[in-house]
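Please keep the sequence and the model in view while reading.

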Amino acid sequence: MLTRQGHRSHLVAPAALVRPQGQACGQLAHPSPGTWQHGGVTAATHSTLFPQVPDTPDAVLEGLDPEQREVATALHGPVCVLAGAGTGKTRAITHRIAYGVRAGILQPSSVLAVTFTNRAAGEMRGRLRQLGASGVQARTFHSAALRQLQYFWPKAVGGSMPRIIDRKIQLVADAAAACRIRLDRNELRDVAAEIEWSKVTRTVPADYDAVADKHGRETPRDPAEIAQLYAAYEDLKRERAVIDFEDVLLLTVGILQDRHDIAEQVRRQYQHFVVDEYQDVSPLQQRLLELWLGDRDDLCVVGDASQTIYSFTGATPDHLLDFRIRHPGATVVKLVRDYRSSPQVVHLANGLLAQARGRAAEHRLELISQRDPGPEPVYTEYADEPAEAEGAARRIRDLIASGTPASEIAVLFRTNAQSETYEQALADAGVPYQLRGAERFFDRPEVRKAGVALRGAARFGANDSLLADTVDLPSQVRAVLSGEGWTSEPPSGSGAVRERWESLAALVNLAQDFAAAKPDATLGDLVAELDERANAQHAPTVQGVTLASLHSAKGLEWDVVFLVGVAEGMMPITYAKTDEQIEEERRLLYVGITRARERLHVSWALSRSPGGRPNRRPSRFLNGLRPGSAATAVRGGAGSTGGIERGSPGGTASVVPRPTSRTPARCRVCGRTLRDAGEMKLMRCEDCPSDMDEALYERLREWRAVQARRSGQPDFCVFTDRTLMAITEAVPTTPAELARIPGVIARKLQRYGADVLAICAGQDLEADDEGD
């Protein structure tokens, strides 16, 4: 959701950016003193309820940090945004689209922004509307493809488009009956999931066995049987003239591949593409994107390999990680300033990924919290699962009593089966809750009825007896909704009655905020606002603790998060066997941790039920992170810091590649094998004598301080003290020598290498202009 009711005081208001006299509207304004680097940046994840539409293109850029600003103004050519959790990726790309539209560089109808969920697409549309960029198409891959398929079907195929089936289960059951294979309910669901995976990875039935083996799939039945079921399923679809969800993409791809005239028509319509959550793209979606693009490169992708948690559905981060290979001239912007979470939460998240391995770990982003310090994460061990749920419910009740809104608290678990225990515990504690993944807000019956009632009252106005004693918009809404079941006090207990009341209360709260933002607003204006929000699926906040699986929590955030059931066998889940599966479980926990803004509670139970054998232990992922646990060796290497990398005109990056070595690192003084990361960076034992030039070291420190002030980052984000010591001791004379020093990654070599080598050579750099 876009709103954060009751939390504006935690965030810094945007500072104005000045445009020098004579500068044309639409040009990039330089930040004045008092902007982002002086505390004026607008928090990335914050959006007011009813903001004023920016009055100029430059105003769209106000409050963005330097990296977000680079994204917003890089409007041509391929752009790849590597955005860590809480760094404002949606903010950056919506401001990019809005700036391009408002500056007249992009035509709204020529922009197609795609993402993966209706909620995310709705949020994007809502933000674009608030920025004055209505008319841009923001859709899911499936929604965009379905729209094109429906439009072009008569021309490409003829006749009416087949009906789309809602669920595969019945068709899979019929296919199993035709093959004389008995499947129970769970197997039906699992086979349906295998068919979905096959289709998004562009695997046909005849190839299923080999491809599943290649990918190490844990198949629910013998692969030959699944291939047989898959083929029978496709035959039944053809016989019944129906298609499924994945066919929407497959058929659109087929039409665009076979009909060049239709492909060109689509490309004339859409000339600029933005893809959110690019780490979740499947091979089928990537192929569709390539067909939309044709031979053009006006593409901006946004993602984070460390948040790849849907590989079981065919998603792969390879397209994100290989973007620079496919587009050598791309601009790459890394967002690492975390505006969501406290330093304590960010420290835990960084520590978790520092133990990761694999390709995604090699590209992890080291987050830097921009918030004030908060409490340390709380770790709690319980005797059994009911005790764990009751303990969480008690703490939640106390938090609500002390002033934390229920809507700003979430309980996150690994599997949906864990939900029931927490539903019962919260109900027993008298705490309202809502289940994530339930019916969408504007689709709820009580919300639809409330909308009809409000629309009728707006139409009849003063002639409606319900409004006889009302004096303002909020009182009008309360009067109308009282006839639908809203009361000033919530009903006792939980269940359906409480959930209906929470929905109506959310509308009452929205009316109060709307009236505060627009004092002259009428009931008709509120109805129009609700219609806009329904179209964008921009729901108001519902007061209730959120219960959600870790997968469904992706893209959301709360002030307080309870991560429950963080024990071996559940996190990682028992059936995660391979290294790749284990690492995805680690990333899933990372997603859970980074949902928390201020407080994080992590818990586990020693047994499943009261009196059971206490044979469980905390998750291995917490080793070295929770107090009293043994540390796990860091395997992922140093994380990538923020910044901007631009491809050279010739299409290659102008950096010196870092040489790699498989030989053990040895102390250059005594020859001992080095194992400590800090010692390996210095290339000597901690207690071996140093031949460091203290004067050179101080000159490097002074230079680093200037660079840090310029970029608005802490000093260590330029180079750590140990890296500066290693540079001082090595005194490199060439880029290749400098690149061999641990901590001097390619991006830093490109950005700072010339300065560092000049300082090492004893040269005086030109005086720095602090006003730049």
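Contact means that heavy atoms lie within 4.5 Å. The model is a predicted one, in which local features need pLDDT of at least 70 and side-chain atom pairs count only at pLDDT 80 or more, while totals for chains, interfaces and linings use all residues. Residues are numbered from 1 along each chain as its sequence is written, and side-chain values use heavy atoms, with hydrogens and water left out.

Q: Leaving aside its neighbours within four places in sequence, with which residues is I573 in contact?
A: I573 is located in the loop between β15 (558-563) and α23 (579-593); helices (H or I, at least four residues) and strands (E, at least two) are DSSP runs, numbered from the N terminus. Once neighbours within four places in sequence are set aside, the contacts of I573 are R414, T415 and E585.

Q: Is I573 buried or exposed?
A: Buried means under 20% relative accessible area, exposed over 50%, and partly exposed in between (1.4 Å probe, protein chains only). Because its relative accessibility is 8%, I573 counts as buried.

Q: What is the angle at which the axes of helix α6 and helix α7 cross?
A: Two packed helices are described by the angle between their axes and the distance between the axes. Axes are lines fitted to C-alpha atoms, for helices over the stretch in contact, and angles run from 0 to 180 degrees between N-to-C directions. For α6 (residues 169-179) and α7 (residues 185-200), the axes come within 9 Å and cross at roughly 100°.

Q: Which residues in α7 do I169, V172 and A173 in α6 meet?
A: Helix α6 is roughly perpendicular to α7, a term that covers angles of 65 to 115 degrees. On the α7 side, I169, V172 and A173 of α6 meet L188, R189, V191, A192 and I195.

Q: What is the relative accessible area of R180?
A: Most residues other than glycine have a negative phi. R180 is not a glycine, yet has a positive phi of about 55°, and is placed in the loop between α6 and α7. R180 is exposed because its relative accessible area is 80%.

Q: Is E277 buried or exposed?
A: E277 likewise has a positive phi, of about 50°, although it is not a glycine. The place of E277 is the loop between β6 (272-275) and α12 (283-293). With a relative accessibility of 12%, E277 counts as buried.

Q: How many aromatic pairs does the structure hold?
A: Rings of Phe, Tyr and Trp (its six-membered ring) pair if their centres lie within 6.5 Å; planes under 30 degrees apart count as stacked, over 60 as edge-to-face and the rest as tilted. The structure holds aromatic pairs numbering 10.

Q: What is the angle between the planes of Y310 and F312?
A: Y310 is partly exposed at 22% relative accessibility, and F312 is partly exposed at 43%. Their rings form a tilted pair, 6.3 Å centre to centre, and the angle between the planes is 55°.

Q: Over the ring of which residue does the charged end of R217 sit?
A: A charge sits over a ring if NZ of Lys or CZ of Arg is within 6 Å of the ring centre and within 35 degrees of the ring normal. The charged end of R217 is 4.2 Å from the centre of the ring concerned, that of W197.

Q: Leaving aside its neighbours within four places in sequence, with which residues is A458 in contact?
A: A458 lies in helix α19 (residues 445-460) and counts as partly exposed at 30% relative accessibility. The C-alpha atoms of A458 and V527 are separated by 7.8 Å, although these residues are 69 apart along the chain. Leaving aside neighbours within four places, A458 is in contact with L523, G524 and V527.

Key
Parallel < 35°, antiparallel > 145°, perpendicular 65-115°, else oblique.
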